[in-house]
Amino acid sequence: MAPSRSQATLFSLLAATALLPSPAWAFDCKEIQADRVRFDLSKLGGPHMVHWKEEDLVHDWQYKYNFTLDVCDKLKWHKGGSLATECHHGARVCGIREDINLAVDRNSTITPIDIAGTFTSLSGRVIDAKFELLRNSKSNSDGGREGVRAILNGGKFPFKKDGMDQRAIIEFVCDKDRTGLEGDEKEGGDLEDGDKDDDGDDDKKEEKLRKREESGKGKCEDSDNSLRFCGYQQEEDGKDKKIQTLRLEWRTKYACEDAPPVDGGSHWGFFGWFFIILFLVIATYLIFGSWLNYNRYGARGWDLLPHGDTIRDIPYIAKDFARKVAGTVQGGGSRGGYAAV
C-alpha cells in the first residue's frame, strides 16, 4: 500500500534532518572538520591540565591558575565537589584560580572560572565550537604551520549575565614525532613520560611557574610538554567587545592532515563486510530481477519480484518452522516406548 501524504512528508523531514550537520555545541572529537579536512582527536580525550601564575606585587596578591580541559567530553566533578571548588556542569574548559594574600600569612581562596562549555543554567549558553586550518589563517605567525585551531566559547566570569565572556583558543599543531601526551599532566598532578617533579624541590616548581608567568605576555611557555600554556588575557572579539581568552598550543601527530586512522577506531571487520556484501548482492538480484520481469512480462506488484510467491510465503514458512522446533523441544522431555512393569 502506498504511503499517505503525511507519511511521505514525515519521511522527507527525517531524511533532511539526517543530512544536517550536528550542532556546534555537540561536536564530536572523532569527526572534527575544518575546510573539508577531517581530524580525529579522540586519542587526546580525557582531562588534561596546564598551570600559570600571576602576581600583583603592588597589592601583595598572587594568583595561581590550574586550567583543565577535555576536548571530547564534559568535565566531571570530583567526589564531594561543589560550585565553590568546581566549574558548572557542562564545562569543557575550566580554570581554578587560587587567590593568595601574601600580606596576611598567605591566606588563600579558591575561585572556579567557567571558560568554555554548554551551560543550560545560564540562558542556554553553548560552546559554539569553530574550527579552522592554521594554514588558512590570515596571521603571519601561522605561515607554514599545519594543524587546526579550535575556538570554544560559552563561559562567563562571574557566572551571571553581566559577567565577562570567556573563551578558549586551542591550536592543535602537527608534529609527527609526538602523540600529544608527552609531559601530560592528568588531574591530581600526575605527570607522564619522565616529567615528574620531586615534591620537595620547590625551586624547580617556582622556575616552571615563572616560565608560565612570562608566557602570559604573548608567547607559549618554554616547555617540552606537548600541551603548552600560551596566555590568559583580555582580547578584542572583533565587535569592540572585550573577551577573556585562554590560549593553548597542543603539538600532536593527530593534527597532521595526512594522519593515519587512529588505532582502535571503529571498523567493520570480516563479518561486518560479509553482511554488507551479502545485502548488496541480494538487493542487486531483486532489483535486476524486478526490472527484467517488468520489461519482459509486464509484471506488476508481487509478480515483479523474482520468486515472488516464495518471498510472500516466507512468514508462513518461518511460523511452521518455529512450530516444529517448539514441538520437538517439548516432546524431547517425555519418555517414549513402553512403561516399565
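Okay, hi everyone. Just so you know, we're looking at a predicted model. Searching the whole structure turns up four disulfides, and I'll take you through some of them.

Let's begin with C29 and C72, whose sulfur atoms sit 2.1 Å apart. C29 is in the loop between α1 and β1, while C72 is in the loop between β4 and β5, so this bond ties together parts that are 43 residues apart in sequence. Are these two cysteines buried or exposed? C29 is buried, at 4% relative accessible area, but C72 is partly exposed, at 23%.

Next up, C174 and C256, with 1.9 Å between their sulfurs. Here the link joins distant parts of the chain: C174 belongs to strand β9, C256 to the loop between β11 and α3, and they're 82 residues apart. C256 is buried, at 3%.

Then there's C220 with C230, again a disulfide. C220 comes from the loop between α2 and β10, and C230 is in strand β10 itself, so the parts tied together are 10 residues apart in sequence. C230 counts as buried at 10%, whereas C220 is partly exposed at 24%.

If you number the bonded cysteines along the chain, the pairing goes 1-2, 3-4, 5-8, 6-7.

Now for the arginine. R92 is in strand β5.

Definitions and conventions:
Residues numbered from 1 in each chain as written. Predicted model: local features only at pLDDT ≥ 70, side-chain atom pairs only at ≥ 80, totals over all residues. Heavy atoms only, no water. Helix = DSSP H or I, 4+ residues; strand = E, 2+ residues; numbered from the N terminus. Disulfide = S-S within 2.5 Å. Buried < 20%, exposed > 50% of the residue type's maximum accessible area, 1.4 Å probe, protein only.
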